[in-house]
Amino acid sequence: MFCRSCNMSFKAQCISKINILRHITNQTTGVERDPAPVFFNANVQQLLKKLTRVDLRTVFRTKRYGVALKTPEYKFLTAEELNMVMKEAQEKAEQKLQMPPVVKAHVDEPEVLSYDYELQKHSETKFVFTDISFGISDVERTIVVRDLNGVLRKATPDERLRMNETYFPKPGRKIRMPHMFEKEYLKRLLDQGKYEFVLDRACLQFEPDQPIYQDITATTYEAVDTARHYSSLRSTRHFGPFAFHLAWNRCIDNFLLDLIQTDRLDETVALIQLYHIVNPEAESASAKYKPGLEHKFIQAYVESDSKKRSVLELALQANVELHKQRAETEAGIRRAHGHA
Amino acid sequence: MALLFYSRLVANYCKFRPEKDLFIRPLTVGVPSFCKPESEVEVKDDNNKKHDPSIDSTTVVPAETSIRYLRSEAYKETYGNEPVWIQYRRNHKGAFPPLKTRKTCIRGGIISTGNPCPICRDEYLVLHHENVDLLNQFISPHTGEVFSYSKTGLCQRRHLELLVAIEKAKDYGFITFDVPFREYDYSLYYKL
């Protein structure tokens, strides 16, 4: 009996170790290091918010939740009152643009609480015990499982999600995964350009540390980047994690090109700074940004770390020319008006 | 015949056993048949009976056909640019219609009512989760809610079919909608 219990506990530990190894070997680049400390860094959060480009019209657009709409309210305000209201609107917009956390995928390795092999074959089904006391969050709730072989262990993350949804259902979240997250239907939605819908629903349905959530978000971000539909996600809560994902996987070139071509130099600089923080081992990481010398800073990145060097250099050159022309025109206008 | 009658009458009243005491000539009684001979009878076979095509609802139209129908000339001519339920009006006495529409328009494979509902009256309107053009006609563009049967005039059975089709379409991603906002508590994911 003692030998058998030893053997079974050894087997359980082996299985868990094999699972860890399998997860490590299946990992794609960038998942080995934990993105959470980098993502929640204050500087990184500031840069991501800058890249998101808060547009109040997009943030506060009418959302149709299946409830009767409220009629619009018109008010007469003084200048001070208007400033106060605008400040409140900015704060509300920040709340609405809260970024979904970017964390490492969880490993399926539940902690065993006790080995009671004398209980095996007492039942044909597993038992799941959930603590439904009020005031505990879904993540901290105690959920344990009595397996068929008598082992009492903590529940796996998937089992936890299922029990949390059973006892504390969230509006809009389903127990069974919606079919739209399956490959063919997901591809169909992404081809139609419904990126925000997919990401919003994924946020609601899954937890940020689930492998399937990370797959879906990665697929969506790649689709956005390939199609260059940055405006569909801009001013939404998903733009921050999207930009972080690009920087983490070192493929910011398409995005950089888009920013240069639309003459957003401050955001270009922010993106390159983000890249340097996320990838400190990059060649151009040592280059320091000085206000007024944006082109030089961008050039340093383009020369050393970019994969689309020629295209970016062309675009940068065109932008330099544009700024030169603008400066000349302004100087001409000043001279015409009689200023120095 | 008279003998038979007499013997039976006696048997009933005297309660003696005629087979022992009284010999009764065996008689066969012929019952006159008022039915037609079998060869002349038409067999009523309800299963094979063909109804008037205007009320026959047995043919099942595939969803793909319905999707093509909604883009066709015939549909445009019939309904124009409006939803299919807009022109429909229920028949009832009084100013206020009954709170619930009828249970179903189709019974036994045929339209069993006058004035069937907008979906039952047109066999090419199929409520399927892929038939997005049709389903969107029953969703409010302002609030995103599904219109009630009191507004659209659908019978109860079709209204339930509509709700199921819309739920499925949302599940498969054929219909998009605004998802409720999820707030995250960052402290649960990363201890700063």
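Trainee: Is A:R228 buried, partly exposed or exposed, and why?
Mentor: Keep in mind that this is a predicted model. A:R228 has 38% relative accessibility, so it counts as partly exposed. Buried would need under 20%, exposed over 50%.

Trainee: Where does A:R228 lie?
Mentor: In a loop of chain A, between α9 (211–227) and α10 (230–233). A:R228 is not a glycine, yet its phi is positive, about 60 degrees.

Trainee: Which residue with a positive phi follows α12(A)?
Mentor: A:D263, with phi near 60 degrees. A:D263 is not a glycine either. Its loop runs between α12 (253–261) and α13 (265–278) of chain A.

Trainee: What about α12(A) itself, how many of its residues are buried?
Mentor: 8 of its 9 residues are buried, so α12(A) is largely enclosed by the rest of the structure.

Trainee: Which ones are buried in α12(A)?
Mentor: A:D253, A:N254, A:F255, A:L256, A:L257, A:D258, A:L259 and A:I260. A:F255 comes up again in the core.

Trainee: OK, the core. Which residues have the most contacts inside the largest nonpolar core?
Mentor: A:L51, A:F244, A:F255 and A:L274, in a core of 62 residues. The largest share of that core comes from α13(A), with 8 residues.

Trainee: Now the surface. Which residues make the nonpolar patch of about 320 Å²?
Mentor: A:L77, A:L82, A:V85 and A:M86. A:M86 is found in helix α5 of chain A, residues 79–96.

Trainee: Why does A:M86 count as partly exposed?
Mentor: Because its relative accessibility is 40%. That falls between the 20% and 50% limits.

Trainee: Last topic, domains. How is chain A divided?
Mentor: Into domain 1 (112–167) and domain 2 (236–340).

Trainee: And what distance separates their centres?
Mentor: 53 Å, taken over C-alpha atoms, for domain 1 and domain 2 of chain A.

How values were computed. Residues are numbered from 1 along each chain as its sequence is written. Chains are lettered from A and ligands numbered from 1 in the order in which they are written. This is a predicted model: local features need pLDDT of at least 70, side-chain atom pairs count only at pLDDT 80 or more; totals for chains, interfaces and linings use all residues. Side-chain values use heavy atoms; hydrogens and water are left out. Helices (H or I, at least four residues) and strands (E, at least two) are DSSP runs, numbered from the N terminus. Buried means under 20% relative accessible area, exposed over 50%, partly exposed in between (1.4 Å probe, protein chains only). A nonpolar core is a set of buried Ala, Val, Leu, Ile, Met, Phe, Trp, Tyr and Cys residues joined through side-chain atoms within 4.5 Å. Patches are made of residues with over 30% relative accessible area and no salt bridge: like charges are joined within 9 Å, nonpolar side chains (Val, Leu, Ile, Met, Phe, Trp, Tyr) within 5 Å. Accessible areas come from the Shrake-Rupley method with a 1.4 Å probe; for residues, only the protein chains shown count as cover. A salt bridge is a side-chain nitrogen of Lys or Arg within 4 Å of a carboxyl oxygen of Asp or Glu. Domain bounds come from an automatic or database domain assignment.
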